[in-house]
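Here are my notes on this model, point by point. Have the structure open while you read.

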Amino acid sequence: MAPKTLPPIAKQNLILTYLHNSRTAHSIKELEKALPSVASINGMQVKDYLQALSDEGKIRVEKIGSGNWYWSFLSEEKKSRDNVLGMLKEELAKVEASLGELEEKLREASEKRGRMMRVGGISQCKAGVGRGGWSIEERIGGLQGW
């Protein structure tokens, strides 16, 4: 039978849920007592999990006096998500604008090429094929016309 341990990311989510639901700041001593039962972790691992969450920006840490205090509020998480969403919308608008410009340039280039093919290319092709081929001077002249 497989062991019933949770992966570290699930344990971090349990810790984060605990901090969100408590709606208060905690000292390291409080968390070392509470988190082993909440997230099924060893008391010695509490600091490692808190450091990992802090590095990811999911919890806030402040040194007040001689101790560190940890907290995470849902409103802060919502604000960070809204900021990311706003940045992504701005980037999407820039990409769509550049896409529109590129499509316009492509359309203009295609129309220009089509006009050149109709004007010079077809008549030169008929004349060249009718004589059995082109000389180098004729090829250069045809290319300069494009």
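1. Let's start with Ser40: its relative accessibility is 53%, so it counts as exposed (over 50% is exposed, under 20% buried and anything in between partly exposed, with a 1.4 Å probe and protein chains only). Ser40 lies in the loop between H2 and H3. Its contacts (heavy atoms within 4.5 Å) are Lys11 and Leu35, leaving out residues up to four places away in sequence. Thr5 is 35 residues from Ser40 in sequence, yet the two C-alpha atoms are 8.4 Å apart.

2. A word on the basis. This is a predicted model, where local features need pLDDT of at least 70 and side-chain atom pairs count only at pLDDT 80 or more, while totals for chains, interfaces and linings use all residues. Residues are numbered from 1 along each chain as its sequence is written, and side-chain values use heavy atoms, with hydrogens and water left out.

3. Overall, the chain has five helices and three strands, in the order α-β-α-α-β-β-α-α from the N terminus. These are DSSP runs numbered from the N terminus: helices are H or I with at least four residues, strands E with at least two. Of the 146 residues, 18% are buried.

4. Do check Arg23, which follows H1 and has a positive phi, near 55 degrees.

5. Which residues have the most contacts inside the largest nonpolar core? They are Ile15, Leu31, Leu35, Ile41, Leu50 and Ile59, in a core of 14 residues. Helices H1 (8–22), H2 (28–39) and H3 (46–55) each give two or more residues to this core. By definition, such a core is a set of buried Ala, Val, Leu, Ile, Met, Phe, Trp, Tyr and Cys residues joined through side-chain atoms within 4.5 Å. Not counting residues up to four places away in sequence, Leu31 touches Tyr18, Leu19, His26, Pro36, Val46, Leu50 and Tyr70.

6. Last, contact range: among contacts in the chain with a separation of 6 or more, 50% come from residues 24 or more positions apart.
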